[in-house]
Amino acid sequence: MASTNDLKNGMVLKLDGGQLWSVVEFQHVKPGKGPAFVRTKLKNVMSGKIVDKTFNAGTKVDTATVDRRGMQFSYKDGEYFVFMDMETYDQIHITPEIVGETANYLLEGFEATVAMYQGEALFVELPAAVELTIEHTEPGVQGDRSTGGSKPARLETGYEVGVPLFITTGEKIKVDTRSGEYLGRVNG
């Protein structure tokens, strides 16, 4: 148990009959009149649904002990994604539902954080940005560069992102794993 005064981003709470909710944002509010309260934005760990919830300040909330482990994506086994624990070398199979959008940026050997609760994988998190190579994109048309337009590019994972016209096939780019946005070229 914890108090709403102790909330932190990333903390996982057990609410509504055992459902797990991750704290995305929280704000302590002390109005001029009335008692203080805590306004939160919570994300359902299983469904990904985000809700706003308000608690009275000092309310007791049930916390879930979620173990976040550094794991390496090894390979895809049928529909399952196989991750290896970096400390114990144990391998776990994670369903596509749990991997979710992260699959768009996963390559063999990539490190990710896997959140575990009572032996079950809850979700997979990648760093905020990853570096991937462009497998294919149409060449930019000479003279188009000043417009600041973009074109689709297929990454080595098969996922498609919008890139500036001057980017070519074979270049390595940085992509934001939260929004899928192009962040820049990787030199080297």
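This note sets out points on the fold, the annotated span and the charged side chains of a predicted model.

1. Confidence. The chain has an average pLDDT of 87, and 95% of the residues score at least 70. Among the secondary-structure elements, strand 8 (residues 80–85) has the highest confidence, with a mean of 94. The lowest belongs to strand 1 (residues 2–3), at a mean of 84.

2. Overall form. The chain holds 16 strands and one helix. Its radius of gyration is 21 Å, whereas the globule rule gives 16 Å for 188 residues, so the chain is more spread out than a compact globule. The C-alpha trace spans about 65 × 45 × 25 Å along its principal axes. Of the 188 residues, 36% count as buried.

3. Annotated span. An unreviewed UniProt entry assigns residues 68–122 the annotation "domain: Translation elongation factor P/YeiP central". In the model this span is 55% strand and 7% helix, and its end C-alpha atoms lie 10 Å apart.

4. Salt bridges around D67. The whole structure contains six salt bridges. One of them joins D67 to R69, with the closest N and O atoms 2.6 Å apart. D67 is partly exposed, at a relative accessible area of 32%, and R69 is likewise partly exposed, at 32%.

5. A pair between strands. E135 and R154 form a salt bridge with an N to O distance of 2.9 Å. E135 belongs to strand 12 (residues 129–137) and R154 to strand 13, so the contact ties together parts that are 19 residues apart in sequence. E135 is partly exposed, with a relative accessible area of 41%; R154 is also partly exposed, at 33%.

6. In the salt bridge between R178 and D176, the closest N and O atoms are 3.3 Å apart. R178 is exposed, at 66% relative accessible area, while D176 counts as buried, at 11%. Elsewhere, salt bridges with shared partners join D67, R69 and D85 into one network.

7. A buried lysine without a salt bridge. K151 is located in strand 13 (residues 150–155). Although buried, K151 has no salt bridge. Side chains of opposite charge can pair when their charged atoms come close. For K151, the nearest side chain of opposite charge is that of E171, 7.4 Å away; a salt bridge requires a separation within 4 Å. A polar atom of the K151 side chain does, however, lie 3.1 Å from the backbone oxygen of L165.

Conventions. Residues numbered from 1 in each chain as written. Predicted model: local features only at pLDDT ≥ 70, side-chain atom pairs only at ≥ 80, totals over all residues. Heavy atoms only, no water. Helix = DSSP H or I, 4+ residues; strand = E, 2+ residues; numbered from the N terminus. Buried < 20%, exposed > 50% of the residue type's maximum accessible area, 1.4 Å probe, protein only. Lys, Arg positive; Asp, Glu negative; His and termini not counted. Polar contact = N/O pair within 3.5 Å; in protein donor to acceptor, adjacent residues only side chain to side chain. UniProt positions renumbered as here; feature names shortened; annotations may be inferred. pLDDT = per-residue confidence, 0-100. Rg over C-alpha atoms; globule rule 2.2 N^0.38 Å.
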